[in-house]
Amino acid sequence: MAGSSARQPERGVAGAEDAGAEMYRWIEELYPLCRSLTGAGQRRTLEILRRLTGLAIQEVPSGTQIFDWTVPREWNIRDAYIKDARGRKIVDFADSNLHVMGYSAPVSRRLSLAELKPHLFTLPEHPDWIPYRTSYYREDWAFCLSHRRLLELEEGDYEVCIDAALADGKMCYGELALSGERAEEILISCHICHPSLANDNLSGIAVAAMLARQLSRSPRRFGYRFLFAPGQIGSLAWLSRNEDCLARVRAGLVLACLGDGGAFTYKKSRRGDALTDRAARRALAETAAPFHTLEFSPFGYDERQFCSPGFNLPVGCLMRTPHGGFPEYHTSADNLDFIRPEYLAESLERCRAILRIVEGERTMINLNPKGEPQLGKRGLYGSVGGGAGGREREMSFLWVLNLSDGAHGLLDIAERSGLPFAAVESAARELERHGLLQERAC
Ligand code: ZN
């Protein structure tokens, strides 16, 4: 990142631990809220994020046409339960907001067990977990409960109540812009539409919010635009309102599932070789930890919209264990015990490492290309006795000088030489100071 020493991590171990603990506290605060595509839980979530990051809350009225989609009515729920014949609440929304299918229509009636069962979802393979279900675009109602509870239900009449409202209102999303030295921007996006689910939803939100806070205090070569939006419809709303400015998106990351202990997974943009893709691969490869890369597919989080053919933005997706790849996914077991502060902290650092490469990538021109310039007389070669760091520094000078012909960027040089990007970038800065290199004009 411009102005910082690229060889040193920007935060010490203690700082990373603090950041992890702080993100975890934010998640604890956000976890109980009943988020959905719209509604009071979503608005409250954005108000908390506004307090944490200073974002602006944008509103889109129900019924607004966005490309091929329509913003749905606003859904608000106050209470819901199922009572058995003796009047005991056997399912209670107050115990878990996962008990009600998201966007359930209001209902209040008595019905038999046979009539009730088609409106119940369980997970027989995990009998103690509550599944997470939604029905955004088809009006219906349902409850979700543990399979164990379902098996306990006796024949008889049940009273069901979903005290919810589906009415014209607003869909909200949060947007935060940080300006940079240049007009180009880096897009960071996460979804905010899941209720009490920790890894799928809140981990991405917390890492994005902490990134925003840290970057707001750092020198920035590029601008940053953070989006905290309900899945699909929220990113589509932002795209439709910003169509004229999308050319300035230089790189982008969708953040999700970053709180579990699994290996990192980077899903490439549709382009496959965008700067984001190369920077992510390089940043992950420069750690000793194993990681996976996935080719683009038109499924998953909001990269589906950013990478639709009419936009084709250079936006990839960073996860640890991908959605659907852990049994707790979309169940009550994706809770506060499933994620850990240290995993959040590590995810934050990996995002920062990717962004440091995006920030640092430049194409330089060797101003003394006929033969090697004499580095020794400039104090750049052989003056520090033989340590591994000195050797890496010298090799970085030689590689940067050799490949800086205007056709290779610093990332090309790191990839080809196998040297850390930070070493290559640092060497380029030093050679620039000595008048041996200059940046190629854009
Ligand atoms: Zn999800």
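Mentor: Start with G174, which stands opposite F228 in β12. Strands (E, at least two residues) and helices (H or I, at least four) are DSSP runs, numbered from the N terminus. This is a predicted model, in which local features need pLDDT of at least 70 and side-chain atom pairs count only at pLDDT 80 or more, while totals for chains, interfaces and linings use all residues. Residues are numbered from 1 along each chain as its sequence is written, and side-chain values use heavy atoms, with hydrogens and water left out.

Trainee: How many helices and strands does the chain have?

Mentor: There are twelve helices and 19 strands. The C-alpha trace spans about 90 × 45 × 35 Å along its principal axes.

Trainee: Which strands join β10, and in which sense do they run?

Mentor: In general, strands of a sheet pair through backbone hydrogen bonds, either parallel or antiparallel. Two strands are taken to pair if DSSP finds at least two bridges between them. Here β1 (residues 56-61) is joined to β10 by six bridges, and the two run antiparallel.

Trainee: Is β10 enclosed or open to solvent, and what is the cut-off for "buried"?

Mentor: Buried means under 20% relative accessible area, exposed means over 50%, and partly exposed lies in between (1.4 Å probe, protein chains only). Seven of the nine residues of β10 (residues 170-178) are buried, so the strand is largely enclosed by the rest of the structure.

Trainee: What is the strand order of the sheet?

Mentor: The sheet is open, with eight strands in the order β1-β10-β12-β11-β13-β16-β14-β15 and mixed pairing. Its edge strands are β1 and β15 (291-294), each of which pairs on one side only. From one strand to the next the twist averages 20°. A parallel pair is formed by β14 (residues 264-267) and β15, over four bridges. Within that pair, T265 stands opposite H292 of β15. Helix α2 packs on the sheet, where it touches β1, β10 and β12, and its direction makes about 15° with that of β10. Such axes are lines fitted to C-alpha atoms, for helices over the stretch in contact, and angles run from 0 to 180 degrees between N-to-C directions.

Trainee: How should I read α2 itself, and which of its residues are buried?

Mentor: An α-helix has 3.6 residues a turn, so residues three or four places apart point the same way. In α2 the buried residues are G41, Q42, T45, L46, I48, L49, L52 and T53. They cover an arc of only 160° around the axis, which puts them on the same side of α2. The arc is taken from the directions from the helix axis to the C-beta atoms. As for length, the expected span is 1.5 Å times one less than the number of residues. For the 14 residues of α2 (residues 40-53) that gives 20 Å, and the end C-alpha atoms are 20 Å apart, which agrees.

Trainee: Which residues have the most contacts inside the largest nonpolar core?

Mentor: In soluble globular proteins, nonpolar side chains tend to be buried together. A nonpolar core is a set of buried Ala, Val, Leu, Ile, Met, Phe, Trp, Tyr and Cys residues joined through side-chain atoms within 4.5 Å. The largest one has 137 residues, and those with the most contacts inside it are F143, F226, F228, L255 and L318. Its largest share, eleven residues, comes from helix α5 (residues 198-216).

Key:
Contact means heavy atoms within 4.5 Å.
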